[in-house]
Amino acid sequence: MTDVISVDLIGTLNEAARAALDDEFGALGRKLARQGADIEALVQRAVDWTVAIPTWGVGTGGTRFARFPGKGEPRGIHDKLEDCGVIQQLTRGTRTVSPHIPWDKVSDYNALRQEAAQYGLGFDAVNSNTFQDQVDQKLSYKYGSLANADRMTRTQAVEHNLECIEIGRALGSTSITVWIGDGTNFAGQQNLTKMFENYLDAMAQVYAGLPKDWLMFIEHKMYEPAFYSTVISDWGSNLIAAQTLGPQAKCLVDLGHHAPNTNIEQIVARLIHVGKLAGFHFNDSKYGDDDLDAGSVDPFRLFLVFNELVDAEKRGVKAFNPAYMIDQSHNVTDPIESLMSSAIEIARAYVQASLVDRAALAAAQDANDTLTAHRILKSAYLTDVSPILTEARIRQGGAADPIAAYRKAGYRALKAKERPEVKGASSGIV
Ligand code: LRH
Ligand code: MN
C-alpha cells in the first residue's frame, strides 16, 4: 500500500486535534444517547460508507467558454490514480474510482488494476463515451450515437460500449454507465419516437453483452449538449428504457440533470419503489448541469435524498445496493480539495439521515401532525455530526482535517514541479 502523504504528518496533525475532538465527540455522544441513538453505531456507519471518485474530476474542469488549468495537472490516468490515492488516504471514504473510456485508456488494464490497489483503490462503474469524436473514429457522433438515424453509427457506438465492458471486466468493475448526449436542436430535426426506438434497439445489443453479474446504469439528463430534445431526458424515459431492456438495466440519478427545483428525492423514492434505482452521480447545481461541489448549494436537498435511501434501507428493501459516485467539474478550486470536501459532505448527509427517528416520524405522519413530522426530519439535519465523521476518518488512518493535512503536505506544489504546466487556451469539462 503506497501512502502518498506522510503518515507521520497525518499523525501529528491528528494528535493536535485530539483534545477538541474528544470534547465534541463526548458532548455529541451524550446528546444522541438522550435521543436513544448510539454514537459508536453511527461511527461504524461512517467507517463503512464510501463514494466513488470520478477519474475525470481530479483534473481542472471547464465550460464551453474556457478551462483554466491549475498547477500540477494530472497528465493521464496514472497521475489521476495518484491524486485519487491522496483523497482516499486522507478521507478514508472513497475506496473506488469510476473510470471514463477512452479518457483513461491504457494498454494493460491488469497492471492498472494493481496500480490502483497500491493506493487502496478499486474500480467502480466504467463510463462509456459516445458524446465526443475520437481522432481514429470512422463515423461522427455529431448527429448522435446509440440513437443516430444512421445504423452504422449506432453499431459503432454499440461496439464502443461492448469494448468498455471488456475493459471494465479487466479492471474488476461490475457495471457500465451509459450517458449519451443524443437529441435535437430543432423541432422536426428527428422523429422523437424513432430516435428512442433506435436507442432501445442499440442498447439491447449492449445489454446482450453484459456479463451475468453486471448492471447497466442508464443516466438521464434534461438537456445539453442538445437544446430542443434529449433522447433520455428524464426519469420517465430512463425508466421505460430500463424496464424494456431487462433486470440488469437500472436508472442512474445525476443530481444536476434535472430542472431547477425538481423534487429529486421523490424521483429517488419512485425508482426505489420499482427496484430500478442504479445509483447516483452526486454534485450540486443552481441552474443547469453546473457540476458544483456536492452540498455546496443546497445541502438540505442532499440530506432529503439520503433520507429516502436510509428509509429504504431501514424498510429492508430487497437487493437495495445503489452505486454512489461523485460527478463534478472543478473549475475554480483545487480538484483534490473539492473532492475531499464533497466526499465529506456526502458522508455527512448519510450520517444525518441515519439519525432520523423513523418510528416517531411515522407516528407523526400517520397522525397528520405535519409540523412535528417536519421538525423530526429537520432536527436530524441540524445535528452537527462532524465529530462522528472525523472520528471515523482517524480510526481508519485518515486525517482529522483532510484539506489542512493536504495543504500542510504541500502535495500540489510538489506535483507542480513534477508535472509540466498546461499552457494555452482550452475549453470543455476536461
Ligand atoms: C454528463 C455526465 C456524464 C459523464 C459526463 C462527464 O453530463 O454527467 O455522467 O459521462 O458528465
Ligand atoms: Mn453524470
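**Exercise 1.** Determine which oxygen contacts the side chain of histidine 257 makes with ligand 1, and what part of the ligand the protein buries.

*Solution.* In this predicted model, an N or O atom in the side chain of histidine 257 is 3.2 Å from an oxygen atom of ligand 1, a polar contact (a pair of N or O atoms within 3.5 Å). Finally, ligand 1 taken alone exposes 300 Å², of which the protein buries 96% (Shrake-Rupley method, 1.4 Å probe).

Residues are numbered from 1 along each chain as written, and ligands from 1 in the order written. Local features need pLDDT of at least 70 and side-chain atom pairs 80 or more, and side-chain values use heavy atoms, without hydrogens and water.

**Exercise 2.** Classify the ring pair of tryptophan 49 and phenylalanine 306 and locate both residues.

*Solution.* The structure holds 17 aromatic pairs (ring centres of Phe, Tyr or the six-membered ring of Trp within 6.5 Å; planes under 30 degrees apart are stacked, over 60 edge-to-face, the rest tilted). Here the centres are 5.5 Å apart and the planes stand at 70 degrees, so the pair is edge-to-face. Tryptophan 49 lies in the loop between helix H2 (39-48) and strand S1 (53-54), and phenylalanine 306 in helix H9 (residues 299-315), so the pair ties together parts 257 residues apart in sequence (DSSP runs; helices H or I of at least four residues, strands E of at least two). Both residues are buried (under 20% relative accessible area, 1.4 Å probe, protein chains only).

Key: Polar contact = N/O pair within 3.5 Å; in protein donor to acceptor, adjacent residues only side chain to side chain. Buried < 20%, exposed > 50% of the residue type's maximum accessible area, 1.4 Å probe, protein only.
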